[in-house]
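Good morning, and thank you for making time for this item. I would ask you to keep the model in view while I go through its sheets, one of its helices and several of its loops.

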Amino acid sequence: MTEGRTSHAYLFTGTRGTGKTTCAKILAKAVNCEHPVNGDPCGQCPSCLGIENGSFLDVLELDAASNNGVDQVRALRDEAIYSPANVAKRVYIVDEVHMLSTAAFNALLKILEEPPEHLMFILATTELHKVPSTILSRCQRFSFRRIQPQDAAARLSYVAQQEGIDLRPDGAELLSRLADGALRDALSLLDQCAAAGGVIGAAAVLDVLGLAGNLQTARLMELVLDRDTQGALLLLDELYSGGKDVGAVLSELSTLTRDLLVQKTAPSGGAALLSGGFDTAALDRLGQKASASRFLHIASTLQGASAELYASVNRRLDTELCLLRLCDESLCGDLTALEARVRRLEDNQSARAELAQRAAPASSPAPAGPRQSEAPEDRPPWEDIPPIEESPLPEEPPLPVEPPMMEEAPLPEEPPLPEGPSEPDKSKPRVRSAPEAVEKPSGTPAAKNMGGWWRTLIENCKGRLPPMYRPFLGMCAGTLEGSLLTVYAPDQLTLGRLDNDRVREALAQEMETIAGGPVRMTFRTGEPPKSSPEENLKNLLQFGKQFDNIEIK
């Protein structure tokens with residue numbers, strides 16, 4: 001403007017409330033101002049005052065949404081050829097120009113190709129992709145960005161001060177965030193809050209606009225991350241009873257989830273991308289409760305539920321169903337549900353392995369030899385017990401302590417084992433059952449979960465079962481009381497996979513091979529009972545008796 005080099009057509013594009021029409025009016029004043037100041041209109045000359053109060057018809061503002069026909073554009077084209085009456089340039093401000101029809105765009109194109117010297121067009125639109133490229137190529141385009149929250153808050157504070165409105169800084173910050181970069185929306189919200197009267201703070205804004213608030217949103221997110229379905233539904237009912245809109249609740253949850261996901265994936269440079277509605281301490285506390293994949297699932301679920309909420313018959317029910325899916329991914333019924341179940345199984349197995357590792361130093365040192373032999377999973381467990389293979393089987397009679405019928409079952413079958421030199425491979429698995437049976441007659445109600453005779457039993461059973469059952473069987477524990485074998489599963493899912501005829505038959509056949517007789521079998525969920533120190537000592541003493549008559553060569 002200072003150099004006098006202006007174009008005949010300008011195109012202002014950007015989101016709503018960013019000042020496109022306002023800047024178009026300022027530009028119309030600037031090109032017609034009689035005493036410009038550094039290119040800006042002075043606001044004091046007759047041209048500026050006439051354009052401001054609308055008395056000059058040479059600057060005309062049109063709404064393309066209501067004047068989008070070809071006849072209106074043709075009339076405008078025929079009128080534009082006349083020279084202005086009061087100012088230097090005739091200016092047409094066409095708002096929402098993307099609403100023009102195809103024929104209207106073609107009629108406008110002709111005058112844009114060969115404009116008179118005194119004519120200027122200023123087009124404004126929020127949807128640039130709907131404007132034809134033939135129009136875009138003949139205009140100078142300027143893009144208006146969203147107004148930053150701090151700039152909008154400062155402007156709101158200035159307007160409130162000029163109008164005598166008691167606006168607190170926290171209220172101005174909240175209004176600027178709710179406006180989403182549109183200053184016009186921020187001013188409208190301020191006007192709405194000012195109509196209620198009193199001091200306008202964050203709490204007053206939340207009450208007037210019917211929003212859940214960042215504290216309640218953070219509390220609801222914490223319940224979702226803790227998988228507290230009951231607490232989440234009760235809090236939603238509390239918000240709904242207080243007049244809060246369920247759509248606003250899901251929107252605030254989406255904003256919080258976005259901040260958590262940004263902080264999780266870009267912890268160093270993502271601070272500028274945060275919405276600013278939640279303090280850093282709350283974001284750090286909530287971010288430690290879940291992984292990035294969990295936050296991604298929450299964000300996707302919230303986006304889908306928010307999109308379907310507008311066409312919903314029962315908005316509250318759809319919101320409650322969304323919270324149920326957020327608290328328990330297994331209710332989704334898709335790959336996310338399967339992934340959640342697999343993750344739970346992995347977490348349970350890791351927890352049990354950690355507990356077993358912590359309990360290992362407190363156990364008796366006697367079975368350390370067999371336990372070390374179980375470490376390599378790529379070799380059979382009986383290959384690491386050479387001293388037990390040579391132990392004479394007739395030394396087993398002193399072992400029985402209790403009267404169950406399984407105690408005497410393996411004794412008649414064991415003596416023929418050493419006499420079979422022609423079948424050395426078959427004798428090995430038969431001989432390994434002797435030391436493993438040491439734990440069985442002693443009535444050990446709590447055999448170790450991943451060791452001892454139970455570990456050997458499930459390793460042998462894995463060869464009889466398809467691969468689909470092997471991981472679930474390895475997660476279980478077993479106890480033997482008399483002729484009753486009890487299999488403890490960690491949860492109902494594992495129990496449902498193993499409690500069938502195929503698994504029962506494999507366990508029964510292998511247990512009958514070890515015990516020398518039929519056994520009864522039952523499946524339960526939970527942890528097996530723990531053995532007392534007296535029973536551990538008794539088992540240790542009985543385990544050592546089998547080595548009394550071994551001849552060392």
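The chain holds 25 helices and 8 strands, where helices (H or I, at least four residues) and strands (E, at least two) are DSSP runs numbered from the N terminus. This is a predicted model, in which local features need pLDDT of at least 70 and side-chain atom pairs count only at pLDDT 80 or more, while totals for chains, interfaces and linings use all residues. Residues are numbered from 1 along each chain as its sequence is written, and side-chain values use heavy atoms, with hydrogens and water left out.

Of the 553 residues of the chain, 42% count as buried. Buried means under 20% relative accessible area, exposed over 50%, and partly exposed in between, with a 1.4 Å probe and protein chains only. The accessible surface of the chain is about 29600 Å², and carbon and sulfur atoms account for 52% of it; these areas come from the Shrake-Rupley method with a 1.4 Å probe, and for residues only the protein chains shown count as cover. Turning to contacts, by which I mean heavy atoms within 4.5 Å, I consider pairs of residues at least 6 apart in sequence: 72% of these contacts join residues at least 24 apart.

Let me take the sheets in turn. In what order do the strands of the open sheet of 5 strands lie? The order is E2-E3-E4-E1-E5, and the pairing is parallel; two strands pair if DSSP finds at least two bridges between them. Strand E2 (59–63) and strand E5 (140–144) are the edge strands, each pairing on one side only. On average, neighbouring strands of this sheet are turned by 15 degrees against each other, direction ignored. Here axes are lines fitted to C-alpha atoms, for helices over the stretch in contact, and angles run from 0 to 180 degrees between N-to-C directions. Strand E1, residues 9–14, pairs with E5 in the parallel sense over 5 bridges, and Leu-11 stands opposite Arg-141 in E5.

The other sheet I wish to show is an open one of 3 strands, in the order E6-E7-E8, with mixed pairing. Its edge strands are E6 and strand E8 (520–525), each of which pairs on one side only. Neighbouring strands of this sheet are turned by 20 degrees against each other on average, direction ignored. E6 and strand E7 (residues 484–489) are antiparallel and share 5 bridges, with Thr-479 opposite Thr-486 in E7. By contrast, E7 and E8 run parallel, joined by 6 bridges; Val-487 has Phe-523 in E8 as its bridge partner. The hairpin of E6 and E7 has 2 residues between the strands, and Gly-482 there takes a positive phi near 65 degrees. Strand E6 (residues 477–481) has 4 of its 5 residues buried, so it is largely enclosed by the rest of the structure.

I now move to helix H6, residues 149–163. Which residues of H6 are buried? They are Ala-152, Ala-153, Leu-156 and Ala-160. They cover an arc of only 100 degrees around the axis, which puts them on the same side of H6; the arc is that of the directions from the helix axis to the C-beta atoms. In general, an α-helix has 3.6 residues a turn, so residues three or four places apart point the same way. Gln-150, Gln-161 and Gln-162 are exposed on the other side of H6. The cover over the buried residues of H6 includes helix H7 (169–178) and helix H8 (183–196). Just after H6, Gly-164 has a positive phi of about 75 degrees.

Finally, the loops. Asp-180, in the loop between H7 and H8, has a positive phi near 55 degrees although it is a residue other than glycine. Asp-180 is partly exposed, at a relative accessible area of 46%. Arg-227, likewise not a glycine, has a positive phi of about 60 degrees. Arg-227 is placed in the loop between helix H10 (214–225) and helix H11 (229–241), and is partly exposed with a relative accessible area of 34%.
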